[in-house]
Amino acid sequence: MRNLTIRQLRTVEAVCRLGKINLAAEALGLTGPALTLQIQQLERDADVPLFDRTRGGMVPTAYGLAFLEAARAVEDSLATLEDSIGAIKGLRTGRLRLGVVSTGKYFAPQLIAAFRDQVPDIEINLFIGNRAEIIAKLRDHEIDVALMGRPPRDFEVRAQVFGDHPLVFIAPTGHPLAGVLEISRERIAQEKFLVRERGSGTRISLEIFLSDTPHKLEELGTEIASNETIKQAVIAGLGIAFISAHTIEQEVKLGRLVILDVVDTPIRRQWFTVSRLDRATTPAMQAFERFLLASGARYLPVVSKPYPANAFG
């Protein structure tokens with residue numbers, strides 16, 4: 001493996017990504033037979049099969065996936081080296097691949113704009129996705145930094161808090177519980193819920209909140225995979241929802257939604273900046289993380305309902 005080249009790693013990555021020899025060859029500017037010979041030579045040198053040849057295309061084996069991980073790590077290292085050289089030269093340039101969970105799309109543009117005002121020559125590529133998608137991209141070296149609620153636990157990450165993330169119950173303005181004070185968990189559990197998909201941070205927080213309520217978790221509510229759709233469904237009177245306060249600022253101001261005064265809410269969660277622990281931080285990553293720690297919280301929407309007395313206990 002000491003004689004393994006970057007070209008060979010990029011060949012493995014292209015075949016894994018595209019699944020076809022001809023597509024990978026075209027992407028790399030090679031002929032199909034030349035690429036096939038490269039793969040075969042690499043398999044002989046490593047003495048392991050990298051791909052299963054199937055009718056549907058080239059499927060990476062466990063060995064192939066290990067090579068893919070190495071290829072992505074090397075590309076990360078090369079990008080870090082390029083940015084570091086620029087930093088040594090005194091250039092405030094670089095690239096940042098930023099992943100943001102879908103709830104964060106309500107404040108991410110303001111964050112990015114404020115950061116670029118300070119460091120205008122850093123290129124930022126933004127990806128918005130659900131929690132599972134963002135974690136997968138972080139694991140696969142496809143993003144440098146993720147903004148999310150709970151950091152992943154199935155691989156080692158570097159995580160720092162940069163702001164508060166309140167979760168609240170919402171209802172349409174004409175709902176019978178609108179304006180009622182100190183609604184109990186038992187009472188709110190009687191309502192019809194509109195909930196995010198399984199595995200989402202908001203869904204998990206709701207399940208924890210209602211975990212002591214008999215039988216509620218067995219039929220939690222109607223599952224909807226989009227905060228925007230959930231808000232519109234609540235406005236239409238199809239149920240109530242438990243949602244990030246950052247997503248409803250405009251609807252509350254316009255009087256289309258109300259935050260319900262449920263005991264022990266808002267539930268206080270936090271926003272984290274997350275990156276892989278096993279990769280070097282580029283100057284662009286360092287600059288962005290410093291910005292978030294110093295100024296990130298000021299760009300988060302503010303919830304109008306005050307925290308309960310025990311929220312910070």
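Visitor: Is histidine 141 buried or exposed?

Guide: The model shown here is a predicted one, and in it histidine 141 lies in the loop between α6 (131–139) and β5 (145–148). The relative accessible area of histidine 141 is 5%, and the cut-off for this class is under 20%. Histidine 141 is therefore buried.

Visitor: What value is the phi of histidine 141 near?

Guide: Most residues other than glycine have a negative phi. Histidine 141 is a residue other than glycine, yet its phi has a positive value, near 65 degrees.

Visitor: Where is aspartate 47 found, and what is its relative accessible area?

Guide: Aspartate 47 also has a positive phi, near 60 degrees, in a residue other than glycine. Aspartate 47 is found in the loop between α3 and β1 (51–54). Aspartate 47 is exposed, and the relative accessible area behind that class is 69%.

Visitor: How many helices and strands does the protein have?

Guide: The protein is made up of 313 residues, of which 46% are buried, and its C-alpha trace spans about 70 × 50 × 35 Å along the principal axes. Among contacts between residues at least 6 apart in sequence, 75% join residues at least 24 apart. As for its elements, the protein has 11 helices and 11 strands.

Visitor: How many aromatic pairs does the structure hold, and how far apart in sequence are the parts tied together by phenylalanine 169 and phenylalanine 193?

Guide: The structure holds nine aromatic pairs. In one of them, phenylalanine 169 and phenylalanine 193 are tilted, with 6.0 Å from centre to centre and 55 degrees between the planes. Phenylalanine 169 belongs to strand β6 (residues 157–172) and phenylalanine 193 to strand β7 (residues 193–195), so the separation in sequence of the parts they tie together is 24 residues.

Visitor: Which strand holds phenylalanine 242?

Guide: Phenylalanine 242 forms a tilted aromatic pair with phenylalanine 169, at 4.8 Å centre to centre and 50 degrees between the planes. Both phenylalanine 169 and phenylalanine 242 are buried. The pair links parts of the chain 73 residues apart, with phenylalanine 169 in strand β6 and phenylalanine 242 in strand β9.

Visitor: Which residue has its charged end over the ring of phenylalanine 209?

Guide: The charged end of lysine 137 sits over the ring of phenylalanine 127, 4.5 Å from the ring centre. For the ring of phenylalanine 209, the charged end lies 4.0 Å from the centre and belongs to arginine 185.

Visitor: Are α2 and α3 roughly parallel or roughly perpendicular to each other?

Guide: Two packed helices are described by the angle between their axes and the distance between the axes. The axes of helix α2 (residues 21–28) and helix α3 (residues 32–46) come within 8 Å and cross at roughly 100 degrees. Angles from 65 to 115 degrees fall into one class, and α2 and α3 are therefore roughly perpendicular.

Visitor: How many nonpolar, polar and charged residues does the contact of α2 with α3 have?

Guide: On the side of α2, Ile21, Ala24, Ala25 and Leu28 take part, and they meet Gly32, Leu35 and Thr36 in α3. By class, this contact has five nonpolar, two polar and no charged residues.

Visitor: What distance separates the C-alpha atoms of proline 166 and tyrosine 63?

Guide: Proline 166 is found in strand β6 and counts as buried at 3% relative accessibility. Proline 166 and tyrosine 63 are 103 residues apart along the chain, and the separation of their C-alpha atoms is 43 Å.

Notes:
Residues numbered from 1 in each chain as written. Predicted model: local features only at pLDDT ≥ 70, side-chain atom pairs only at ≥ 80, totals over all residues. Heavy atoms only, no water. Phe/Tyr/Trp six-rings, centres within 6.5 Å; stacked < 30°, edge-to-face > 60°. Helix = DSSP H or I, 4+ residues; strand = E, 2+ residues; numbered from the N terminus. Buried < 20%, exposed > 50% of the residue type's maximum accessible area, 1.4 Å probe, protein only. Lys NZ or Arg CZ within 6 Å of the ring centre and 35° of its normal. Axes fitted to C-alpha atoms, helices over the stretch in contact; angles between N-to-C directions. Parallel < 35°, antiparallel > 145°, perpendicular 65-115°, else oblique. Contact = heavy atoms within 4.5 Å. Nonpolar A, V, L, I, M, F, W, Y, C, P; charged D, E, K, R; others polar.
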